Amino acid sequence: MTNSVEGRRATPKAGKRERLAAAAAQVFHEQGVEKTTIADIARVADVPLGNVYYYFKTKDQLVEAALGAHAQTLQGLITVLEQYDEPQDRLKALVHGWVDQRDRAVQFGCPTGTLASELGKRGDGLELASAASIRTLLDWIEQQFTAMGRLDAGELAVALFAAYQGISLLTNTFRDPELMVTEGRRLQRWIDSLASE
């Protein structure tokens with residue numbers, strides 16, 4: 001299970017626009033928005049540089065496309081998680097998916113979190129689109145805690161997401177994937193304890 005755009009790289013059958021959006025998400029995660037050039041994205045998408053401008057006139061349009069790719073990936077993830085019968089199992093599967101991405105976190109941090117942090121510093125409105133994806137996930141997590149009968153579901157959703165963002169940062173900072181493994185186990189025990197209360 002994956003929660004990143006990089007986990008579902010564009011295939012040769014994908015259209016150029018979709019390949020460019022997926023490549024933008026990947027390269028922005030790996031290099032950051034400011035360091036990334038349109039040529040970098042074109043190369044990863046295997047699209048001639050001149051063709052990029054047919055689909056996206058500016059780098060900010062590619063940022064919007066990358067955010068759209070993240071949102072689409074999130075919807076796919078939620079669809080997979082919804083296949084679990086119990087909300088507790090859905091949340092534990094989400095945590096498991098995060099832990100599975102630990103090697104990417106070691107290198108680059110969380111794809112959504114790092115992009116949100118970078119866009120938040122710009123203050124040009126793109127941070128609102130980034131916040132929308134995070135809000136979607138927070139709302140879904142809250143729904144799972146609500147289904148578990150928790151009256152504090154909103155607070156628990158923030159706590160779970162914040163724990164992931166924090167461990168993603170530490171995993172990246174210390175280049176230690178075991179930090180995420182250990183935190184993943186703790187979060188799964190925590191979810192079980194909340195379900196049994």
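Biologist: In which helix does Ser196 lie?
Modeller: The model is a predicted one. Its helices are numbered from the N terminus, and the one that holds Ser196 is H10.

Biologist: Does Ser196 count as buried or exposed?
Modeller: A residue is called exposed when its relative accessible area is over 50%. Ser196 has a relative accessibility of 62%. That value passes the cut-off, so Ser196 counts as exposed.

Biologist: How many Å apart in space are Ser196 and Leu20?
Modeller: In sequence, Ser196 and Leu20 are 176 residues apart. From C-alpha to C-alpha, their separation in space is 46 Å.

Biologist: Is Ala42 buried or exposed?
Modeller: The cut-off for buried is a relative accessible area under 20%. Ala42 has 3% relative accessibility, so Ala42 counts as buried.

Biologist: Between which helices is the loop of Asp46, and what is its phi?
Modeller: The loop with Asp46 runs between helix H2 (38-45) and helix H3 (49-55). Asp46 is exposed, with a relative accessible area of 62%. Most residues other than glycine have a negative phi. Asp46 is not a glycine, yet its phi is positive, at about 60 degrees.

Biologist: What is the phi of Arg175?
Modeller: Arg175 is placed in the loop between H9 and H10. Arg175 is a residue other than glycine with a positive phi, near 55 degrees.

Biologist: How do the axes of helix H5 and helix H10 cross, and are H5 and H10 roughly parallel or antiparallel?
Modeller: The axes of H5 (residues 87-100) and H10 (residues 177-196) come within 9 Å and cross at roughly 175 degrees. Angles over 145 degrees count as roughly antiparallel. The relation of H5 to H10 is therefore roughly antiparallel.

Biologist: How many nonpolar residues does the contact of H5 with H10 have?
Modeller: From H5, the residues that meet H10 are Gln88, Leu91, Lys92, Val95, His96, Trp98 and Val99. From H10, they are Met180, Val181, Gly184, Leu187, Gln188, Ile191, Asp192 and Ala195. By class, this contact has two charged and four polar residues, and the number of nonpolar residues is nine.

Biologist: By class, which residues does the contact of H4 with H8 have?
Modeller: The H4 side includes Val63, Leu67, Ala71, Leu74 and Ile78. The H8 side includes Ala129, Ser133, Thr136, Leu137 and Trp140. By class, the contact has two charged, four polar and 10 nonpolar residues.

Biologist: Which residues does Leu74 touch, not counting residues up to four places away in sequence?
Modeller: Leu74 is found in helix H4 (residues 59-81). Leu74 is buried, with a relative accessible area of 10%. Setting aside residues up to four places away in sequence, Leu74 touches Ser133, Thr136 and Leu137.

Biologist: What covers the buried residues of H7?
Modeller: The buried residues in H7 are Pro111, Gly113, Leu115, Ala116, Glu118 and Leu119. One of them, Glu118, touches Gly32, Val33 and Glu34, residues up to four places away in sequence not being counted. The cover over the buried residues of H7 includes H1, H4, H8 and H9.

Biologist: Which residues are closest to the centre of the largest pocket?
Modeller: The largest pocket holds about 260 Å³ of space. Its lining is made by 18 residues, and those closest to its centre are Phe108, Gly109, Cys110, Thr114 and Asn172.

Biologist: Which elements give two or more residues to the lining of the largest pocket?
Modeller: By class, the lining of the largest pocket has 10 polar, five nonpolar and three charged residues. The elements that give two or more residues to this lining are helix H1 (16-31), helix H6 (102-108), helix H7 (111-120) and helix H9 (153-174).

Note on methods:
Residues are numbered from 1 along each chain as its sequence is written. This is a predicted model: local features need pLDDT of at least 70, side-chain atom pairs count only at pLDDT 80 or more; totals for chains, interfaces and linings use all residues. Side-chain values use heavy atoms; hydrogens and water are left out. Helices (H or I, at least four residues) and strands (E, at least two) are DSSP runs, numbered from the N terminus. Buried means under 20% relative accessible area, exposed over 50%, partly exposed in between (1.4 Å probe, protein chains only). Contact means heavy atoms within 4.5 Å. Ala, Val, Leu, Ile, Met, Phe, Trp, Tyr, Cys and Pro count as nonpolar, Asp, Glu, Lys and Arg as charged, and the others, Gly among them, as polar. On a 1 Å grid over the protein atoms alone, a cavity is a set of points where a 1.4 Å probe fits but cannot get out, and a pocket is an open set with protein on both sides within 12 Å along at least five of seven lines; lining residues have an atom within 4 Å of a point. Grid points are joined across faces, edges and corners, and a volume is the space filled by probe spheres set on the points. Axes are lines fitted to C-alpha atoms, for helices over the stretch in contact, and angles run from 0 to 180 degrees between N-to-C directions. Angles under 35 degrees count as roughly parallel, over 145 as roughly antiparallel, 65 to 115 as roughly perpendicular and the rest as oblique.
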